[in-house]
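Let's take a walk through this fold, starting with the whole chain and then zooming in on a couple of spots. Keep the viewer open as you read.

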Amino acid sequence: MPRKHSERRTAATPRQRSRGLVIAGERIRPGETRELHLRFGATYLGSPVSIPVYVMRARKDGPRVFIMGVIHGDELNGIGIVRELLYDKPPKLLKGALIIIPVANIQGLERHSRYMPDRRDLNRSFPGSPNGSLTRRLAHEIFTEVVAQCDYGIDFHSAAVRRTNYPNVRASMRDPGAKRLAKAFGCELIVSSRGPRGSLRRAAVEAGVPTIILEAGEVWKIEPGVVEIGVRGCLNVLQSLGMIAGDPEPPSFQLSISKTIWVRSELGGLLGFHARPGQLVHKNQGLATIYNIFGREQTSLISPADGIVLGMTTMPMVNPGGIVYHIAALSQRTFEETQRKMAARSDSSPYARIQDDLATNITLR
Ligand SMILES: [Zn+2]
């Protein structure tokens, strides 16, 4: 695909960064806020697809942060987070720039699909290529136009279809910038991992742009509790970088998790749940009972470790091999410390409230 501004777009050296900010061929001057459209590709009928981009640049130079939503076309919580961030509490930038793409995968969104129209996963296609598949071209466009011009990034995701996630940040904790960002975001749980090959955060970190993701909630929903935590996280990051006024609000506790375990069912049947997202569970504690269709108990699933429920199915039935829970393993000492801190956590904490919200469509027995 011919690219009109390729020279300017690829020239994101630090020296030029301090001179200018050019996105979609538009120069954004100090003090300007702009709503732009990144034209990308075309539909079958030849109509251009354009990706909305919001750019806010302070008068003073400083860190540049991107916020990305809907790389997976069915994960909508990022849209809600961006709306609240801009509408309810529009940040007043003291320095630097904020670049927001609320919907990266527009064609996936319109088809209610995680994937791009060529059935590829955009979040396995970064940093992309100007000559590759449709998906790799889009990845390249986003990477060169936005990511490469930034110093930090936040990307929003939700659990896979028919699952939900207790809000957790995922970051490469070996990267000092990503570690700083992850801690600043202020989630209770940080899962330490580089991310899959081709994911935006892994490619961005490898390109020197520390980037984290928030994994929270379900697909096809904008969940108020997830939005609240996402907005607070963005503000915490911007405050910790000195880009907006105010002090970050840290969570009651923060755990860095290096081991997570999928708990699968051996039998097919109906599920009775005993644990909800964000709940601490002891090793061998019952997580779920599996019933046959007439309500007779068949077997139960137990926790393989002391840990906290990171995610779970929202489907009331399971096949053999189906994932029922995702447990973040904790050492006994960390478990006991967390138990104390969780007991002392205020009921008004968004992390306490979201446990109820995420469990509204399951019956806990
Ligand atoms: Zn995702």
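Of the contacts in the chain between residues at least 6 apart in sequence, 67% join residues at least 24 apart; a contact here means C-beta atoms, placed from the backbone, within 7 Å. Keep in mind that this is a predicted model, where local features need pLDDT of at least 70, side-chain atom pairs count only at pLDDT 80 or more, and totals for chains, interfaces and linings use all residues. Numbering runs from 1 along each chain as its sequence is written.

Buried residues (20 or more other C-beta atoms within 10 Å of their own; 12 or fewer is exposed, in between is partly exposed) make up 46% of the 365 residues. The C-alpha trace spans about 65 × 50 × 35 Å along its principal axes.

Now find helix α3 (residues 77-87) and helix α8 (residues 224-240), which pack at an angle of about 60 degrees with axes 9 Å apart. Axes are lines fitted to C-alpha atoms, over the stretch in contact for helices, and angles run from 0 to 180 degrees between N-to-C directions. The pair is therefore oblique, the label left over once under 35 degrees is roughly parallel, over 145 roughly antiparallel and 65 to 115 roughly perpendicular. On the α3 side, Asn 77, Gly 80, Ile 81, Glu 84 and Leu 85 meet Val 226, Val 227, Gly 230, Val 231 and Cys 234 of α8.

Last stop: Ser 256, in strand β11 (residues 255-257). With 15 C-beta neighbours inside 10 Å, Ser 256 counts as partly exposed. Leaving aside neighbours within four places in sequence, Ser 256 is in contact with Met 173, Ile 190 and Ser 192.

Terms used. Helices (H or I, at least four residues) and strands (E, at least two) are DSSP runs, numbered from the N terminus. Two residues are in contact if their C-beta atoms, placed from the backbone, lie within 7 Å.
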